[in-house]
Amino acid sequence: SVVNTTCSYPQVMAALNATNPGVAAEFNASPVAQSYLQRFLASPPPARAQMAAQLQAMPGAAQYIGVVSEVAGVCNNY
């Protein structure tokens, strides 16, 4: 669902802040993460799939996969 999301960056951030404030605080403290998410959302689905696969292979990123899936499922509500 994250690869095909139609949500904008502000929608994703609103959903993240609402569903998981702790992770949102960590994310907001990381300009690199913010930039990556903006690039991800601006990319077409095939590029998003590749970016998502790269993230899943990163040690530290795996802990956020559930949060990302949750946000992708509700971000259209924001």
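Analyst: Let's start with a bond: Cys-7 and Cys-75 are joined by a disulfide, S to S 1.9 Å. Bear in mind that this is a predicted model, where local features need pLDDT of at least 70, side-chain atom pairs count only at pLDDT 80 or more, and totals for chains, interfaces and linings use all residues. Residues are numbered from 1 along each chain as its sequence is written, and side-chain values use heavy atoms, with hydrogens and water left out.

User: What makes Cys-7 and Cys-75 a disulfide?

Analyst: A disulfide is a pair of cysteine sulfur atoms within 2.5 Å. Here the S to S value is 1.9 Å, so the pair qualifies. The structure holds 1 disulfide.

User: Why is the disulfide of Cys-7 and Cys-75 called right-handed?

Analyst: Because the torsion about its S-S bond is about 90°. As for what gets tied together, Cys-7 sits in the segment before H1 and Cys-75 in the segment after helix H5 (65–74), so the linked parts are 68 residues apart in sequence. Helices here are DSSP runs (H or I, at least four residues), numbered from the N terminus.

User: How do you know whether Cys-7 and Cys-75 are buried or exposed?

Analyst: Check the relative accessible area: buried is under 20%, exposed is over 50%, and partly exposed is in between (1.4 Å probe, protein chains only). Cys-7 has 4%, so it's buried. Cys-75 has 0%, so it's buried too.

User: And why does Ile-65 get the label it has?

Analyst: Ile-65, which belongs to helix H5, has a relative accessible area of 34%, so it's partly exposed.

User: What makes H1 oblique to H3?

Analyst: The axes of H1 (residues 9–19) and H3 (residues 31–42) come within 10 Å and cross at roughly 130°. Angles under 35 degrees are roughly parallel, over 145 roughly antiparallel, 65 to 115 roughly perpendicular, and the rest oblique. The angle falls in "the rest", so H1 is oblique to H3.

User: Which residues make the contact of H1 and H3?

Analyst: From H1 it's Tyr-9, Val-12 and Met-13, and from H3 it's Gln-34, Leu-37, Gln-38 and Leu-41. Contact means heavy atoms within 4.5 Å.

User: Where do the buried residues of H1 pack?

Analyst: They pack against helix H2 (21–28), H3 and H5. The buried residues of H1 are Gln-11, Val-12, Met-13, Ala-15 and Leu-16.

Conventions:
Axes are lines fitted to C-alpha atoms, for helices over the stretch in contact, and angles run from 0 to 180 degrees between N-to-C directions. Helices (H or I, at least four residues) and strands (E, at least two) are DSSP runs, numbered from the N terminus.
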